[in-house]
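Dear colleague,

I am handing over the structure below for your records.

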Amino acid sequence: MNHFKYTFCSLLILALIISASFLFSGCSLTYSGEKLFYQEGCSQCHSYKGKGGRMGPDLSAVTNLKSDSWIDTYIQNPQKVYPFARMPSFKHLSSSKRSAIISFLKN
Ligand code: HEC
């Protein structure tokens with residue numbers, strides 16, 4: 001019986017440690033805008049500081065020309081800004097991912 005208690009207790013502690021670390025990593029989760037820029041495919045159409053595609057405009061200076069909120073809206077829904085925009089919308093990106101990308105573009 002004691003043996004059972006010990007096993008139960010250690011499993012419980014293990015579960016607590018795992019969920020605590022899960023919560024902790026969730027809270028401190030920060031995205032790398034640079035990674036997202038390449039992972040999400042922005043770089044297939046846009047160049048940034050000499051690296052990337054050519055279909056879309058170069059984004060090296062975009063944060064000097066447009067406000068953060070303009071860029072944020074554009075990423076979510078380009079057709080809302082320009083009805084004939086060719087850029088696909090990136091509605092699936094959370095606001096923290098979008099702002100990570102925008103801060104990367106300020107580097
Ligand atoms: C399939 C190609 C393509 C992809 C992928 C793409 N874009 Fe674009 N983007 C464009 C094109 C083309 C334009 C020029 C306006 C238009 O037609 O939409 C543009 C315009 C923009 C603009 C406005 C630039 C300006 O000076 O007006 C921003 C900001 C931008 N894109 C950011 C991004 C970000 C961030 C991503 C990734 C999440 C991304 N784009 C992915 C093609 C793309």
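**Findings**

In α5 (68-76), I71, Y74 and I75 are buried, that is, each has 20 or more other C-beta atoms within 10 Å of its own, whereas 12 or fewer make a residue exposed and counts in between partly exposed, with C-beta atoms placed from the backbone. These three cover an arc of only 100° around the axis, which puts them on the same side of α5; the arc is that of the directions from the helix axis to the C-beta atoms. Helices are DSSP runs (H or I, at least four residues), numbered from the N terminus.

The model is predicted: local features need pLDDT of at least 70 and side-chain atom pairs count only at pLDDT 80 or more, while totals for chains, interfaces and linings use all residues. Residues are numbered from 1 along each chain as its sequence is written.

The buried residues of α5 pack against α4 (62-65), α6 (78-81) and α7 (95-104), contact being C-beta atoms, placed from the backbone, within 7 Å.

In α7, R98, A100, I101 and F104 are buried. They fall within an arc of 160° seen down the axis, so they line one face of the helix. S95 and S96, on the other side of α7, are exposed. The buried residues of α7 pack against α2 and α5.

T30 lies in the loop between α1 (2-27) and α2 (33-39). T30 is exposed, with 7 other C-beta atoms within 10 Å. The C-alpha atoms of T30 and K97 are separated by 8.5 Å, although the two are 67 residues apart along the chain.

With kind regards

Technical notes: Helices (H or I, at least four residues) and strands (E, at least two) are DSSP runs, numbered from the N terminus. Two residues are in contact if their C-beta atoms, placed from the backbone, lie within 7 Å.
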